[in-house]
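Dear colleague,

Here is the structure I said I would pass on.

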Amino acid sequence: MTIQRYQDTFIQQNFAERIGGANYGKDTNIYKFEKIKRAKAAAKQAQPHVELIDMGVGEPDEMADAGIVAKLAEEAAKPENRGYADNGIAELKRAAADYLRQVFGVHDIDPDTEVLHSIGTKPALAMLPSCFINPGDVTIMTVPGYPVMGTHTKYLGGEVYNIPLTKEQQFLPDLERIPKDICRRAKLLYLNYPNNPTGAAATVEFFEKAIAWAKQHEVIIVHDAPYAALTFDGAKPFSFLSVPGARDVGVELHSLSKSYNMTGWRIGFIAGNPLIVKAFGDVKDNNDSGQFIAIQKAAAYGLSHPEITEAIANKYSRRHDMLVSALNEAGFRAEKPKGSFFLYVEAPNAIKNGPKFATGEDFSQYLIREKLISTVPWDDAGKFIRFSVTFEADGEADERRVIAELKRRLTDVEYIF
């Protein structure tokens with residue numbers, strides 16, 4: 001049966017307005033990641049013998065640590081772990097509190113009232129608006145960025161106000177420029193540092209200002225911190241919760257997807273203000289029955305071994321060094337980020353005696369089609385493309401080979417900025 005046949009039935013008329021109502025499924029726009037997927041397929045078909053260098057991947061390129069995998073296998077074999085986990089096990093909550101203390105210097109977190117597990121951070125971001133947003137309320141989001149909390153705000157009849165992250169502001173939001181009317185109606189402020197896609201890191205001073213702003217306007221801060229432990233060059237992992245006053249106004253979300261190569265395991269946690277954590281738990285209890293207990297116990301093992309993340313961060317740091325050097329030698333203006341596995345680079349305006357690029361997407365499509373290099377474009381606040389150092393490579397020698405090949409493909413033209 002085709003979709004077209006069912007579009008002619010009552011089903012089409014019954015879709016909720018939040019996902020398009022009677023027009024659901026009829027939108028012919030092709031979204032960014034679908035365009036990338038199609039361009040990659042076309043490029044590989046046109047040049048089947050040329051390796052496609054995929055720098056657009058947004059997830060780790062390696063398996064989880066062997067100790068974590070072994071812990072999962074051990075716990076999965078125990079009959080006492082087979083049942084519902086509901087809002088999580090005490091072992092994981094204690095491990096999360098210890099992790100925040102040991103890695104980030106966040107003291108006095110109460111695992112019983114200030115920590116809950118989540119099935120990854122994406123569901124947590126989806127559920128938090130249900131705790132606070134009524135029709136007409138506002139969630140303040142940063143762009144470019146991860147839109148999930150804003151999407152669910154709109155589902156609930158709320159509004160989203162976007163703050164651009166610009167190079168001139170070190171990719172930090174200028175909270176003082178938010179209109180007074182928005183401040184009055186705002187309930188939630190979404191922050192994410194180290195940032196996806198820019199790789200920017202927040203400072204103590206920025207978080208102090210954000211906390212003061214949140215108290216002044218009575219807005220809750222949700223800090224999404226999946227890359228917080230992936231820092232480089234002597235920079236210590238930094239938590240929003242380590243700043244005085246943070247727990248008065250907000251919560252922080254941590255994920256093991258990026259920091260422990262556990263993307264498909266779907267496990268993370270929320271920590272911070274106990275009233276917010278309690279409300280999240282109540283909403284969560286009506287959305288899921290908890291992650292598999294064996295996965296929670298494997299996560300607790302990982303959190304008690306932060307050296308696993310340190311090794312991962314060292315690999316990403318090494319790859320960033322090579323990628324930044326290669327891009328700059330090719331004529332780009334790349335700067336190594338303070339954290340994350342993303343490198344955010346301004347796209348050129350044109351190639352000398354070649355095509356012009358009005359957007360980052362134009363340049364990204366050019367790189368895929370002509371150079372078989374895949375990146376992700378971002379045009380929300382300037383013309384940029386995002387590289388990721390999670391590209392496929394088997395060891396350091398192969399990393400050098402991939403970067404050398406990328407550099408070779410990029411240096412046969414002159415870029416105009």
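Glu-414 and Lys-352 form a salt bridge, with their closest N and O atoms 3.8 Å apart. The term here means a side-chain nitrogen of Lys or Arg within 4 Å of a carboxyl oxygen of Asp or Glu. Glu-414 sits in the loop between α16 (396-410) and β14 (415-416) and Lys-352 in the loop between β10 (350-351) and α15, so the pair ties together parts 62 residues apart in sequence. Helices (H or I, at least four residues) and strands (E, at least two) are DSSP runs, numbered from the N terminus. Glu-414 is partly exposed at 45% relative accessible area, and Lys-352 is partly exposed at 46%. Buried means under 20% relative accessible area, exposed over 50%, and partly exposed in between (1.4 Å probe, protein chains only).

This is a predicted model, in which local features need pLDDT of at least 70 and side-chain atom pairs count only at pLDDT 80 or more, while totals for chains, interfaces and linings use all residues. Residues are numbered from 1 along each chain as its sequence is written, and side-chain values use heavy atoms, with hydrogens and water left out.

The salt bridge count comes to 33. One of them joins the side chains of Lys-35 and Glu-361 at 2.9 Å, N to O. Lys-35 belongs to helix α3 (residues 32-46) and Glu-361 to helix α15 (residues 360-371), so this pair links parts 326 residues apart in sequence.

Another salt bridge joins Glu-62 and Lys-315 (3.4 Å, N to O). Glu-62 lies in the loop between β1 (53-54) and α4, and Lys-315 in helix α14, so parts 253 residues apart in sequence are tied together. Glu-62 is partly exposed at 45%, whereas Lys-315 is buried at 9%.

On helix α4 (residues 66-76), the buried residues are Ile-68, Lys-71 and Glu-75. They cover an arc of only 60 degrees around the axis, which puts them on the same side of α4; the arc is that of the directions from the helix axis to the C-beta atoms. These buried residues pack against α13 (293-303) and α14 (307-329), where contact means heavy atoms within 4.5 Å. At the start of α4, a side-chain oxygen of Asp-65 comes to within 2.8 Å of the backbone nitrogen of Gly-67.

Finally, Phe-10 lies in helix α2 (residues 10-13) and is exposed, with a relative accessible area of 60%.

Regards

Technical notes:
Polar contact = N/O pair within 3.5 Å; in protein donor to acceptor, adjacent residues only side chain to side chain.
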